[in-house]
2 protein chains.
Amino acid sequence: VTIAVDAMGGDYAPRAVVRGAVKASVEFDEPVLLVGDRPAIEAELGKMKRFDQSRVSIKHSTRVVGMNESPSHALRHLADTSIEAAWGEVRAGRAQAVVSCGHSGATMAFGLRAVGRLPGVDRPALAAIWPTASGPVVMADVGANMDCSGEQLFQFGVMSHVFARLALGIENPQVGLINIGREENKGNEPLRRAYRLLSESGLPFVGNIEGKDIFSGLAQVAICDGFVGNVLLKFAEGWEMSRRRLLSSLARRDKDKKSWRGYLMMKPVLRRHHQVFDYAEYGGAPLLGLGGLGLVCHGSSTAKAVKNAVGLATVSLRQRLVEHLREGLRPLRHLMSGPKRVSRPVEAV
Amino acid sequence: VTIAVDAMGGDYAPRAVVRGAVKASVEFDEPVLLVGDRPAIEAELGKMKRFDQSRVSIKHSTRVVGMNESPSHALRHLADTSIEAAWGEVRAGRAQAVVSCGHSGATMAFGLRAVGRLPGVDRPALAAIWPTASGPVVMADVGANMDCSGEQLFQFGVMSHVFARLALGIENPQVGLINIGREENKGNEPLRRAYRLLSESGLPFVGNIEGKDIFSGLAQVAICDGFVGNVLLKFAEGWEMSRRRLLSSLARRDKDKKSWRGYLMMKPVLRRHHQVFDYAEYGGAPLLGLGGLGLVCHGSSTAKAVKNAVGLATVSLRQRLVEHLREGLRPLRHLMSGPKRVSRPVEAV
């Protein structure tokens with residue numbers, strides 16, 4: 001399988017992206033296709049130590065989707081961007097997945113145009129992998145859809161469950177619906193509708209979960225609408241950064257240096273502690289519900305994050321994720337009758 | 001001023017509540033009125049060291065609102081609960097504020113019945129004080145209202161701004177609207193409406209903020225609907241607990257004990273670090289928009305948290321918070337014309 005990597009997307013592109021992709025081609029022993037400005041990509045490749053050049057190829061494209069551009073504008077007016085070209089390779093069968101650290105809304109939009117969506121899916125979701133002390137939790141949606149219907153939340157649950165099982169190897173992932181209390185009747189109409197659908201679906205559904213349950217091991221799949229998920233994700237990012245800074249500055253301020261020595265002594269443990277909550281361990285967030293495989297990465301992804309995202313794409317392809325999503329959705333489509341209310345797409349991340 | 005404290009509410013009631021309230025009566029030099037089962041309260045008071053008994057009185061009541069009871073049920077069918085009796089004292093002018101670690105929905109409901117709401121307020125909000133490295137951030141709503149209208153979000157902003165200024169002493173608190181991006185047009189219709197109202201209000205409005213901005217010092221007031229706020233609050237609680245456990249267990253597992261020694265050496269710094277993010281430093285969350293002052297505390301509040309909540313109530317009364325809320329809302333009521341869509345009350349916390 002070949003992974004098409006958008007070499008131009010992200011704060012540290014093309015350097016971090018090219019390095020991460022090349023490392024992934026070595027570690028996972030699969031070819032990568034770097035998509036973007038050929039001279040820039042070649043310049044980065046030239047700086048790297050020896051690697052198997054037969055595993056790395058380039059697809060030239062001339063433009064990049066800026067982070068402030070709207071996906072709909074990009075779709076209509078920007079031709080030959082690296083994101084579009086990457087999806088073009090998937091459509092043509094020369095690659096099997098797209099990984100981008102660039103514009104996630106545009107990655108979704110061009111993906112929809114290139115490979116469509118799976119039957120039974122109103123809108124694909126962006127699912128994040130949340131590292132916790134008791135293992136990863138898949139959270140969807142985290143920014144592709146807001147004001148979701150009960151049907152949509154249900155679809156996120158079905159798809160995230162398949163992803164957690166196949167791509168993350170969680171044996172029997174439990175699905176929880178994020179709400180403001182555990183009781184069945186909590187929340188608004190879409191939440192209560194999603195609750196009923198999940199109950200009837202045969203999925204291992206633990207019911208409503210609260211924000212704190214993401215860390216309690218109660219569920220390995222946490223469902224919410226894209227507004228809530230996006231705010232949570234960014235909140236966690238901000239808190240994490242603020243905490244790290246505060247801890248080292250408090251330790252440094254200690255007059256007799258004892259705390260500072262203690263801080264240095266437990267540095268390895270602090271590092272492992274941070275690692276447990278480090279998104280870069282997974283690297284990419286899958287777009288679930290597209291007719292093909294797409295992963296988006298944080299804009300500030302390092303080479304390591306890119307490498308891990310390509311690794312996640314590789315595993316997902318080997319496990320035939322998209323085919324299993326299609327099959328997982330099929331028997332549940334009869335549950336989703338009634339009037340449709342499809343969320344507005346948002347352009348959050 | 002006298003603070004009526006619901007002595008029967010909370011996981012550690014009446015013990016922690018009585019102890020906290022008595023300590024507050026000493027530290028803030030104001031009388032407290034303990035409301036609840038007289039024999040139980042007297043038994044706790046009997047165990048305490050000497051204190052000024054003229055500062056502590058008891059109002060007997062026979063019942064307690066259970067945490068699983070709905071506020072509407074409590075309103076209709078439960079007579080003479082400690083929450084109702086506490087608000088009764090406020091209504092009768094024998095107390096000026098209610099503090100409860102019990103059922104927050106019932107504290108709101110009985111408060112509405114006893115003292116009503118301020119003109120221009122559709123529904124009172126529950127506002128949490130979020131401790132951050134750059135000082136406290138007032139977040140509203142955190143669980144009293146979901147699916148809020150733009151007008152309601154705006155009201156939360158107006159009231160939280162007054163609270164941040166008077167009760168927390170923040171000089172010129174900046175107001176931010178929690179959204180999935182900084183751009184003006186982000187979010188759904190209520191968010192865009194709230195954005196316009198806040199822009200026109202003359203408040204120091206910094207615009208949309210993201211989840212991570214709660215820690216960036218960009219705003220000291222963060223506005224969201226009660227669903228988002230409640231999930232965030234509980235998420236943070238769960239993460240905090242999970243992190244503390246993980247850090248000590250990682251340090252303990254270190255074979256050559258170096259990390260563990262370092263951990264012990266920096267214990268004071270870790271404590272200060274936790275303290276920065278410790279809700280108990282403020283103790284209570286105000287119900288903003290009632291015709292009187294009410295604060296609700298976390299169910300697992302310690303005596304220290306109760307003491308600080310009574311302290312916050314004392315400061316709020318001295319600063320004439322409710323009167324200033326009334327005055328702060330008055331000139332803005334002309335902005336809130338048009339059809340009303342009032343959120344459903346929820347019973348989240």
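**Helix packing and aromatic pairs**

Author: In this predicted model, A:A16, A:V17, A:R19, A:G20, A:A21, A:K23, A:A24 and A:E27 of α1(A) are in contact (heavy atoms within 4.5 Å) with A:A303, A:V306, A:K307 and A:V310 of α11(A). By class, this contact of α1(A) with α11(A) has 7 nonpolar, 1 polar and 4 charged residues, where Ala, Val, Leu, Ile, Met, Phe, Trp, Tyr, Cys and Pro count as nonpolar, Asp, Glu, Lys and Arg as charged, and the others, Gly among them, as polar. Residues are numbered from 1 along each chain as written, and chains are lettered from A in the order written. Local features need pLDDT of at least 70, side-chain atom pairs count only at pLDDT 80 or more, totals for chains, interfaces and linings use all residues, and side-chain values use heavy atoms, without hydrogens and water.

Reader: At what angle do α1 and α11 of chain A pack, and how far apart are their axes?

Author: Two packed helices are described by the angle between their axes and the distance between the axes. Here α1 (residues 15–27) and α11 (residues 303–318) of chain A pack at about 45 degrees, with their axes 7 Å apart. That angle makes α1(A) oblique to α11(A), since angles under 35 degrees count as roughly parallel, over 145 as roughly antiparallel, 65 to 115 as roughly perpendicular and the rest as oblique.

Reader: How many aromatic pairs does the structure hold over all chains?

Author: Rings of Phe, Tyr and Trp (its six-membered ring) pair if their centres lie within 6.5 Å, and planes under 30 degrees apart count as stacked. The structure holds 14 such pairs over all chains; among them, A:W260 and A:Y263 are stacked, at 5.1 Å centre to centre and 15 degrees between the planes.

Notes:
Axes fitted to C-alpha atoms, helices over the stretch in contact; angles between N-to-C directions. Helix = DSSP H or I, 4+ residues; strand = E, 2+ residues; numbered from the N terminus. Phe/Tyr/Trp six-rings, centres within 6.5 Å; stacked < 30°, edge-to-face > 60°.
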